[in-house]
Amino acid sequence: MIATRTATLLLFACRSPTPPDGVTVAQNFNTQRFLGRWHEIARLDHHPESVLEKISATYNLRNEAG
């Protein structure tokens with residue numbers, strides 16, 4: 001039952017590339033500026049994240065033409 005509801009929600013939430021009313025899409029967004037490794041310097045501790053330390057994320061461009 002939960003899987004069906006989740007699938008239905010995702011289907012309707014992702015069906016249109018049109019942004020919701022009141023949302024402005026960024027123009028001329030420079031993806032190169034945000035590539036690479038980013039380190040977390042602050043966070044609000046939420047369970048189970050409160051036990052994590054030295055968090056980082058690495059962002060790369062994906063080739064989606066295929």
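1. A salt bridge here is a side-chain nitrogen of Lys or Arg within 4 Å of a carboxyl oxygen of Asp or Glu. The model is predicted. Arg 43 and Glu 40 meet that definition, with their closest N and O atoms 2.6 Å apart. A search of the whole structure finds one salt bridge.

2. How exposed are the two partners? Arg 43 is partly exposed, with a relative accessible area of 26%. Glu 40 is also partly exposed, at 36%. Side chains of opposite charge can pair when their charged atoms come close.

3. Now the aromatics. The structure holds two aromatic pairs. In one, Phe 29 and Phe 34 have ring centres 5.3 Å apart and planes at 0°, so the pair is stacked. Phe 34 also pairs with Trp 38, and this pair is stacked too: 6.0 Å centre to centre, 15° between the planes. Phe 29, Phe 34 and Trp 38 form one aromatic cluster.

4. Next, the exposure of the cluster members. Phe 29 is exposed, with a relative accessible area of 53%. Phe 34 is partly exposed, at 33%. Trp 38 counts as partly exposed, at 42%. Trp 38 sits in strand S1, which covers residues 36-39.

5. Which residues form the nonpolar patch on the surface? They are Phe 29, Phe 34, Trp 38 and Tyr 59, with about 450 Å² of accessible area together. Patch residues need over 30% relative accessible area. Phe 34, at 33%, is one of the patch members.

Technical notes:
Residues are numbered from 1 along each chain as its sequence is written. This is a predicted model: local features need pLDDT of at least 70, side-chain atom pairs count only at pLDDT 80 or more; totals for chains, interfaces and linings use all residues. Side-chain values use heavy atoms; hydrogens and water are left out. Patches are made of residues with over 30% relative accessible area and no salt bridge: like charges are joined within 9 Å, nonpolar side chains (Val, Leu, Ile, Met, Phe, Trp, Tyr) within 5 Å. Accessible areas come from the Shrake-Rupley method with a 1.4 Å probe; for residues, only the protein chains shown count as cover. Helices (H or I, at least four residues) and strands (E, at least two) are DSSP runs, numbered from the N terminus. Buried means under 20% relative accessible area, exposed over 50%, partly exposed in between (1.4 Å probe, protein chains only). Rings of Phe, Tyr and Trp (its six-membered ring) pair if their centres lie within 6.5 Å; planes under 30 degrees apart count as stacked, over 60 as edge-to-face and the rest as tilted.
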